[in-house]
Amino acid sequence: MRGLNGRSILVTGAASGIGRATCERLLAEGAAVAMVDRNGELLADVARTLNARVLPLVADVSQEDEVRDAVDRAATEFGGLRGVVTSAGVFRPGDYRPLAEVDLETFSHTLSVNLTGTFLVMKYALPHLMRDGGAIVTIASTAGLRGHGFGSGYTASKGGVIALTRLAAFQYGEHKVRANCVCPGLTDTPMTGASSNPALYERAARAVPLRRIATPEEIGNAACYLLSDDASYINGQIIAADGGASVV
């Protein structure tokens with residue numbers, strides 16, 4: 001992918017799933033990567049495994065001070081930032097109940113990580129991205145597009161991420177900053193537990209024209225493409241990486 005070699009990219013939720021897969025592809029393309037995750041032990045293990053130019057940063061994206069410090073440290077270490085991927089996210093089993101049965105704490109916690117976390121990363125990364133131009137890739141979900149079959153907090157948060165991405169694309173395009181959103185369908189990550197639940201996997205796969213669910217690498221590849229110069233005129237777009245499920 002053109003333009004990723006030598007660029008500094010910050011990725012949240014970097015210790016597992018889509019975030020880790022994104023980091024691995026970025027490193028393969030020659031980028032320097034700031035890996036942000038709240039699980040410090042897992043993050044350190046992943047950073048050692050990758051054995052590449054990574055900057056592991058422990059931070060909870062729902063905490064403003066921690067996000068600000070992580071972004072500033074990455075920009076200082078790398079001499080700037082040219083891209084961010086907001087992959088950190090949560091889904092609580094209690095959110096999967098009908099809306100009227102979901103407690104406020106569960107709803108609020110989900111929004112604090114998925115939506116507020118995305119907002120905070122964008123807020124503190126934008127001044128650095130505006131300096132030399134750059135790209136934001138948010139990770140939402142087809143839940144934010146379709147609104148059925150998912151928890152109320154998760155659906156609301158991902159819909160908010162989509163809207164926030166479009167806003168950033170409109171407001172910061174003139175500053176040479178692009179913002180796009182990838183909306184995965186069900187993906188085989190530790191959060192979904194799809195690989196350890198054959199019944200869930202098979203049921204989900206039947207609803208997808210490709211007859212399988214996504215791998216984290218496939219979503220990470222889409223994110224890296226949107227960061228690259230190959231996507232230099234793509235801005236404000238919401239891309240469903242769901243194997244065609246959203247057209248059914």
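How exposed is arginine 68, in terms of relative accessibility? At 28% relative accessibility, arginine 68 counts as partly exposed, a class that lies between buried (under 20% relative accessible area) and exposed (over 50%), computed with a 1.4 Å probe on protein chains only.

The views below show a predicted model, in which local features need pLDDT of at least 70 and side-chain atom pairs count only at pLDDT 80 or more, while totals for chains, interfaces and linings use all residues. Residues are numbered from 1 along each chain as its sequence is written, and side-chain values use heavy atoms, with hydrogens and water left out.

**View A. Arginine 68 and aspartate 65 in helix H3.** Arginine 68 forms a salt bridge with aspartate 65, with 3.1 Å between the closest N and O atoms. A salt bridge here is a side-chain nitrogen of Lys or Arg within 4 Å of a carboxyl oxygen of Asp or Glu. Both residues lie in helix H3, three residues apart, about one turn of the helix. Helices (H or I, at least four residues) and strands (E, at least two) are DSSP runs, numbered from the N terminus. Aspartate 65 is partly exposed, at 47% relative accessibility. The structure holds eleven salt bridges.

View B. The salt bridge between aspartate 103 and arginine 97 has its closest N and O atoms 3.8 Å apart. Aspartate 103 is partly exposed, with a relative accessible area of 33%, and arginine 97 is partly exposed as well, with 39%. Salt bridges that share partners join Asp65, Arg68 and Asp69 into one network.

View C. Leu43, Val46, Ala47 and Leu50 are the buried residues of H2. They cover an arc of only 100 degrees around the axis, so they sit on the same side of H2; the arc is that of the directions from the helix axis to the C-beta atoms. H1, strand S2 (32–37) and S3 are among the elements that cover these buried residues, where contact means heavy atoms within 4.5 Å. The face turned away from the buried side carries the exposed residues Glu41, Arg48 and Thr49. Asparagine 51 follows H2 and has a positive phi, near 50 degrees.

View D. Arginine 48 forms a salt bridge with aspartate 45, the closest N and O atoms being 2.3 Å apart. Both lie in helix H2 (residues 40–50), three residues apart, about one turn of the helix. Arginine 48 is exposed, with a relative accessible area of 57%, whereas aspartate 45 is partly exposed, with 34%.

**View E. Aspartate 60, a buried charge.** Aspartate 60 is found in the loop between strand S3 (54–58) and helix H3 (64–78). This residue is buried yet has no salt bridge, and the nearest side chain of opposite charge, arginine 38, is 4.4 Å away. For charge, Lys and Arg count as positive and Asp and Glu as negative, while His and the chain ends are not counted. A polar contact of 2.8 Å joins the side chains of aspartate 60 and serine 62. Such a contact is a pair of N or O atoms within 3.5 Å; within protein, one must be able to donate a hydrogen and the other to accept it, and residues adjacent in sequence count only if both atoms are side-chain atoms. Leaving out residues up to four places away in sequence, aspartate 60 touches Arg38, Glu66 and Val67.

**View F. Helix H8 and its buried face.** Helix H8 (residues 216–227) has twelve residues and reaches 17 Å from its first C-alpha to its last, close to the expected 16 Å, which is 1.5 Å times one less than the number of residues. Pro216, Ile219, Gly220, Ala223, Cys224, Leu226 and Leu227 are buried in H8. Seen down the axis, the buried residues fall within an arc of 160 degrees, so they line one face of the helix. Among the elements they pack against are strand S1 (8–12), helix H1 (17–28) and strand S7 (238–241).

**View G. Glutamate 218 and its partners.** Glutamate 218 is found in helix H8 and is partly exposed, at 32% relative accessibility. Its side chain makes a polar contact of 2.7 Å with the side chain of arginine 212. The backbone nitrogen of threonine 215 lies 3.0 Å from a polar atom of the glutamate 218 side chain.
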